[in-house]
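I opened the notebook to record what I looked up in this structure, entry by entry.

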Amino acid sequence: MKDQPVEGKVRKRRRVRALVITASILGAAALAVVLAIALGMGHGEKAEKPEGDSQEEIMETYEEVKEQAEKAMQEMEDLSTEEATSDPETYEQELQEAEEAFDELYRELEQATDYMVELGEEYVELYDYIWDYYDYLYDLTEQAAQEIDYLLALVPSLDQIQGLEETVKRLENLPKGGKLGELSTQLTKYAQQALSGVQSAKPPASMGASGEELTALFEELQSLAQKTAQSLAGGNTSAIQSLADEITSTIADIEGQLSSTAASLISSYEAVVGQLEAAIESALP
């Protein structure tokens, strides 16, 4: 989404909708004129009128957008799986695929809203409901783009967590006389770098407290790594297993938080889109 001026496009889209609603009151003839002005067409340009029935054209476009929205949400569901959140490489790939799916949804929304058709008065209610649906998907796409960008920024920190997790396993299986000092250094390095990466990433407002909760979990992880290093330095090996268990548990909590971020977007979509689609169906003649 980074290459597209999303916010400017959304302002334009909402301005067009406001003008269209006004024009619909005046009648279908005024609609084409208002749209031509709103979309920035010159005086010598003519808006293309598609062949065929207006309602059919609208519904075909709506179904295409709806199909792509469902594909995008499926990509978000893939992000919420344990398989994705537990492996940084898989997680990054799933994020990129989700980003591509929402990019495609955005392009289809642009086509659906920029290429308008004349409507008879009998289609005004249907048209208004579809606009509500497109408005919601635009907002959803903006939210998804911001959250995906944030989560992509966390991937380097997830790589550090993977290194930390592997170090903990080595520590648990270290024979007597093993190199505790080296493992201690690795523990603190991985945890600190992971925390620094998270602190440098700014979560979008749509995530609410989730971003702060993620940061708090990374801070807890760093604290546990320091305690483990101190125990190693003091020769208190009896506390190692307990601390290792706490580190493993905190990593699981981080993965769970990542999963819930995607799940929250999915839940919001499912709660709203069913009502919007039902309203569109109810307006069909």
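I looked up Tyr-127 and found a relative accessibility of 11%, so Tyr-127 counts as buried, where buried means under 20% relative accessible area, exposed over 50% and partly exposed in between, with a 1.4 Å probe and protein chains only. Trp-131 is buried too, at a relative accessible area of 3%. This is a predicted model, in which local features need pLDDT of at least 70 and side-chain atom pairs count only at pLDDT 80 or more, while totals for chains, interfaces and linings use all residues. I note also that residues are numbered from 1 along each chain as its sequence is written, and that side-chain values use heavy atoms, with hydrogens and water left out.

I then checked the helices, taken as DSSP runs (H or I, at least four residues; strands are E, at least two) and numbered from the N terminus. The protein has nine helices and zero strands, and buried residues make up 45% of its 285 residues.

Next I searched the whole structure for aromatic pairs and found four; rings of Phe, Tyr and Trp (its six-membered ring) pair if their centres lie within 6.5 Å, and planes under 30 degrees apart count as stacked, over 60 as edge-to-face and the rest as tilted. Tyr-127 and Trp-131 form another edge-to-face pair, with 6.2 Å centre to centre and 80 degrees between the planes; both residues lie in helix 6, four residues apart, about one turn of the helix. I also noted that ring pairs link Tyr-62, Tyr-133 and Tyr-134 into a cluster.

How many salt bridges does the structure hold? I found three, a salt bridge being a side-chain nitrogen of Lys or Arg within 4 Å of a carboxyl oxygen of Asp or Glu. The side chains of Glu-277 and Lys-66 meet in one of them, at 3.9 Å from N to O. This pair links distant parts of the chain, with Glu-277 in helix 9 (residues 240-283) and Lys-66 in helix 3 (residues 54-79), 211 residues apart. Both Glu-277 and Lys-66 are buried.

Lys-71 forms a salt bridge with Glu-67, the closest N and O atoms being 3.9 Å apart, and since the two residues are four apart in helix 3, about one helical turn separates them. Lys-71 is partly exposed, with a relative accessible area of 45%, and Glu-67 is partly exposed with a relative accessible area of 45%. Arg-107 forms a salt bridge with Glu-104, with 2.9 Å between the closest N and O atoms. Arg-107 is partly exposed at 38% relative accessibility, and Glu-104 is partly exposed at 27%.

My last entry concerns Gln-146, which lies in helix 6 and counts as partly exposed at 38% relative accessibility. Gln-146 and Met-207 are 61 residues apart in sequence and 9.5 Å apart in space, C-alpha to C-alpha.
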